[in-house]
Amino acid sequence: MQALLALSRAIDKLNAFVGKYSIWLIFAATVISAINAIVRKVFNYSSNGFLEVQWYLFAWSFLVAAGYTLLHREHVRIDVLNSRLPKKVQLWIEILGLIFFLTPICVLVLWLCIPMLGEKFASGEMSPNPGGLLRWPVWAALPVGFVLLLLQGWSELIKCIAFLRGQGPDPTVKLSEKSAEEELAELLRQQAAAAARNPAPHAH
């Protein structure tokens, strides 16, 4: 079990790293959008390539961060009934979902998309739009994203089994890691609270 837990921790670190830096893909898409708007207004010029690279970057950020989202339990869940059940029952539902739903869906998507990616790479398929881009780079996001999601599903499965065996923490509790923005907001709240408790003396 210890070897499986070590594998789980490695997968968690991988998806935490990918998720942390995938935000830069959104930033890049935003910068390209702004540059495209400026060039279009100033020089009356634009290209479908600018538009396509934006949704390429968005697709990559969305897909590769799926594992990170599962790691932090931020995916959409309907817990009206599940949250009222005993913890052991909740974990068994989680285990069955990971084995019989998440894993087969990820495997199916990989089985379907990898040959298609190979075909598009071999053919050099281009966008039908004038000035468009190669298609295979955006298709490559599918296998990468679903491999990361599948690995994270297995990591969560290991953690659920470890908890049921008394060898790990409760995996259904959300991670408390805060982003830089959340840490800054918390610091500002603390400073405001401190200033309210200790107001500066009035000058006479």
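This is a predicted model: local features need pLDDT of at least 70, side-chain atom pairs count only at pLDDT 80 or more; totals for chains, interfaces and linings use all residues.
An α-helix has 3.6 residues a turn, so residues three or four places apart point the same way.

The structure holds 5 aromatic pairs. Phe58 and Phe62 make up one of them, and the pair is stacked, with 6.4 Å from centre to centre and 20° between the planes.

## Helix 2 against helix 1

Two packed helices are described by the angle between their axes and the distance between the axes. For helix 1 (residues 2–43) and helix 2, the axes come within 9 Å and cross at roughly 165°. An angle over 145 degrees counts as roughly antiparallel, and helix 1 and helix 2 are therefore roughly antiparallel to each other. The crossing of helix 1 past helix 2 is left-handed.

Who does the touching? On the helix 1 side there are Val18, Ser22, Leu25, Ile26, Ala28, Ala29, Ile32, Ser33 and Asn36. Helix 2 answers with Phe50, Leu51, Val53, Gln54, Leu57, Phe58, Trp60, Ser61 and Val64. Sorted by class, this contact of helix 1 with helix 2 comes out as 13 nonpolar, 5 polar and no charged residues. Phe58, then, is part of the contact with helix 1 as well as the ring partner of Phe62.

## Helix 2 against helix 6

Helix 2 (residues 48–64) also packs on helix 6 (residues 141–164), at an angle of about 20° and with the axes 8 Å apart. That makes helix 2 roughly parallel to helix 6. Here the crossing is right-handed.

Helix 2 brings Ala59, Trp60, Leu63 and Val64 to this contact, while helix 6 supplies Ala141, Leu142, Val144, Gly145, Phe146 and Leu148. The class tally for helix 2 with helix 6 is 9 nonpolar, 1 polar and no charged residues. Trp60 and Val64 turn up in this contact and also in the one with helix 1.

Just after helix 6 comes Gly166, with a positive phi of about 75°.

Helix 6 packs with helix 4 (residues 87–123) too: their axes come within 9 Å and cross at roughly 160°. That makes helix 4 roughly antiparallel to helix 6. This crossing is left-handed. By class, the contact of helix 4 with helix 6 takes in 25 nonpolar, 2 polar and 4 charged residues.

Where does Gly131 lie? Gly131 is in the loop between helix 4 and helix 5 (136–139). Leaving aside neighbours within four places in sequence, Gly131 is in contact with Ser47, Asn48 and Gly49. The C-alpha atoms of Gly131 and Ser46 are separated by 9.6 Å, although the two residues are 85 residues apart along the chain.

Technical notes. Residues are numbered from 1 along each chain as its sequence is written. Side-chain values use heavy atoms; hydrogens and water are left out. Axes are lines fitted to C-alpha atoms, for helices over the stretch in contact, and angles run from 0 to 180 degrees between N-to-C directions. Helices (H or I, at least four residues) and strands (E, at least two) are DSSP runs, numbered from the N terminus. Angles under 35 degrees count as roughly parallel, over 145 as roughly antiparallel, 65 to 115 as roughly perpendicular and the rest as oblique. A crossing is left-handed if the near helix is turned anticlockwise from the far one by less than a right angle, and right-handed if clockwise. Contact means heavy atoms within 4.5 Å. Ala, Val, Leu, Ile, Met, Phe, Trp, Tyr, Cys and Pro count as nonpolar, Asp, Glu, Lys and Arg as charged, and the others, Gly among them, as polar. Rings of Phe, Tyr and Trp (its six-membered ring) pair if their centres lie within 6.5 Å; planes under 30 degrees apart count as stacked, over 60 as edge-to-face and the rest as tilted.
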